[in-house]
Amino acid sequence: MTTPLPLRDSTEIQGDILAGFKKDYMTLLFLQFGDVTAARNWLAELIPTIATTQQVAAFNQKFHDARENSAGDDPKNLKATWVGVSLTYPGILFLTGKEKVFGDKPTGTIRAFVQGSAARAEALGDTGCNEPERWIFGSAQKPPIHAVLTIAADLKDDHDNELRRQTEAASRAGILIVHPQSGATLPGSRRGKEHFGFKDGVSEPDVRGFDVPVDDNGPGKVPAGQFVLGADGATAMPAGAPDWMKYGSFQVVRRLGQDVPGWWAQVNAELAKLREDEVVDGNTRSEWLAARLVGRWRCGASVAKFPDAAPPAGTKPDNDLSFRDDPHGVTTPLFSHLRKTAPRDGLVDKGELVDVEEFMDARRIIRRGIPYGAPFDPANDDGGGPDEPRGLLFVCYQADLARQFEFIQTDWVNDPNFPHDRDPMPGPDPMISGKLPDVTTGEVAFESRVNGNGDRKTTMLNFQPFVTTEGSVYAFAPSLTTLRGLSRGRLEGATSAGGQTGGQTGGQQTTTTTGGQTGQPQPVQPGPLDEILPWPDVDGRYWIFSGRTVRVAGTGTAEVEQLTTGADDRTGTLVDLGTDLSTWAAFAGVEKVDAILPVPDEQGLNGESSYWLFHTKGGTQVYRRVNIAHDARHTSRRIGDDQQLSRWNSFGGVTRVDAVLLVPDQLRDNGKSWYWLFHTTPQGQRYRLISIADGRMHSDVMERGDRDLTKWTSLQGVGKVDDFLYVPGRFRVGGQSWCWVLHEQQYRVISISDGAGHPDTRVRDSRPNAPWCRRG
Ligand code: HEM
């Protein structure tokens, strides 16, 4: 029996939370909204690009499988770019226009969220050199932060392109980037390590319903509700959390500066005390003590399993750890970062070892951080010096800020008296805390065995802080449904996690109901599509016209791949809920769009792109010119009245234009662009070749008369084409252009060659167009 993992299919939970973006390049943009309508529109446009758990989990699984099949090497051709968004409390108030969105006198996590991270500084040890007044972002002295946008990609170019797109979109919406914080995996042998040199991201909770159980077919260990609000039936939502928070997660972001040479010099100095105390001999190196401060060797192997020395290179980091037989920390010190942040089964209560699984589960966090700054490398001219800013861009997700992140930081990491009831006290976490003003002296009790009888001796060491808080934000990463509501200024919750619902729907894609109603998930059906128009100013974004509804679709690399070569129709485009045609000023009086043809030489001209729009009025097809602005709202304006088709020289005999396809290698070629024009005749659909000249008159010529569709090898079996769309990233690659052909509620992929005759072939057979018809 295999355990069902329904959360892997969630189209509601954002992708970074349970699945994890896990990319080499990541930037967080801390944003301040300007105008409320522009901010909502910005969010509406952003939503189709937000990565869901379903997408990220599917990609990560594929990546994992490919890696296994290539002896542990990263697959070269599997790359993705992901985007996520979270909102601070002021951000939610801004978008909703409300003065408060929680009940009076909130407590616990809701209170922490409302107050924000800077207001909690004292309790968190963010005092002295960590105080908010010195922060780069997130304090009262800096502009307020309304949203945190996460951009993550495998490739630097992809990351930079997405960052540029998002920066432009923010600027068009009048949004201020309060601080852009980039991070990247460290290079070379430092890959996967944080700046002090230790492997990071080893221990992550196994989440029930998402992760494959480690050792049996039983449930994964930690209930999903500990990380995603309302994600399982058993874990209660935090007190005071309304329904719209369901399927969302609280996000903590902290920029933690690391003084690498300072920390290692201190380790060396403290090692001298152990030598003096004859705990270790003169051959013991700083690495030995450093591993004890962390609880792991630099390669990630645990000190618990390898107490004397790091295992040979290539040994996988182990995570099946128990501290039961080390209650006093003589192998893995009680003050080590590992035991301070996840004491596991090693707690002693009144002299008895206690098993506190449930208590511990409720204090786990999911970490998604990445290093920032160049690694310490003083010989390197390029940013390796001791004073260069570097550290960890710490990001974690949880269902409860107070019970999880804050508890770990205040009650465990900073508290010298944790684990409790020890004499002397264990001391603070010497890796990330140390001596904090008014909290701790920085003293830790290093316990060692003196003989085989279990006798111990204690050597007191002293640790100064070498990790500094440089900025901090509390935010909330809402479900996709809640984000859609917020883009309309409303707070509406999702009623299910979305995606596949464990057998009930036979593995088909499901949608969720908005507006707080309880809806039965509906399988996505194929449907009529009139026109799909690529946005003129953002790659991978489309308007989908069907009847009077216009929806927005976003395709990232993964969706494009799925829509062209993939076999899985469940993962299609991400489609935003529709708006009515009447909301487009230029479309006034249009009942249904038949076809749209971009004016070849008027794309992106003076911040606008121009189109010929074909539509049917009183049974006769007419056309008009419309312009769409490259601004956040894509304001549209109509240029002149509807005209008869007979104004086109090349349209002789044409009564209904169905679709127009650009001849790929003849766009603005010597001042002329060539198109195949598909139109309906009494004998069925035919196509002809026309050209349109650049210039004010856009003179058009019929270059070749009507032909039967059967001339196209790739269109065999197609009765009537509704629309063509060139596949992003596949236009004129190696002389071939891939094209999605939408026809009769299906779509297929064809390829057209450049050059004489433009030979065409079918790349993928027709399939139902359901992936283009998702409504949420
Ligand atoms: C510059 C700051 C930090 C550095 C360099 C750092 C580094 C590390 C390293 C090397 C590990 C061991 C590898 C692993 O299990 O992933 C680790 C584990 C961990 N860290 Fe941190 N960390 C930092 C800050 C924090 C903070 C602020 C928290 C939470 C308050 C935290 C919570 C944890 C947790 C929960 C674990 C996993 C423990 C386990 O389950 O065994 N870390 N960290």
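Around the ligand sit 25 residues, and the closest are V202, S203, H337, R344 and R367; a residue counts here if one of its heavy atoms lies within 4 Å of the molecule. This is a predicted model, in which local features need pLDDT of at least 70 and side-chain atom pairs count only at pLDDT 80 or more, while totals for chains, interfaces and linings use all residues. Residues are numbered from 1 along each chain as its sequence is written, and side-chain values use heavy atoms, with hydrogens and water left out.

Let's start with the iron. H337, through NE2 at 2.1 Å, is the only protein donor of the ligand's iron atom. Donors are N, O and S atoms within 2.8 Å of the metal (3.2 Å for Na, K and Ca); water is not among the atoms, so sites may look incomplete.

By class, the shell has 12 nonpolar, 6 polar and 7 charged residues.

Now to the salt bridges, of which the whole structure holds 41. Each is a side-chain nitrogen of Lys or Arg within 4 Å of a carboxyl oxygen of Asp or Glu. Three of them are listed here:

| Pair | N to O distance |
|---|---|
| R164 and E168 | 3.8 Å |
| D277 and K457 | 4.0 Å |
| R298 and E287 | 3.1 Å |

R164 is partly exposed at 42% relative accessibility, and E168 is too, at 35%. Partly exposed falls between buried (under 20% relative accessible area) and exposed (over 50%), using a 1.4 Å probe and protein chains only.

How values were computed. Ala, Val, Leu, Ile, Met, Phe, Trp, Tyr, Cys and Pro count as nonpolar, Asp, Glu, Lys and Arg as charged, and the others, Gly among them, as polar.
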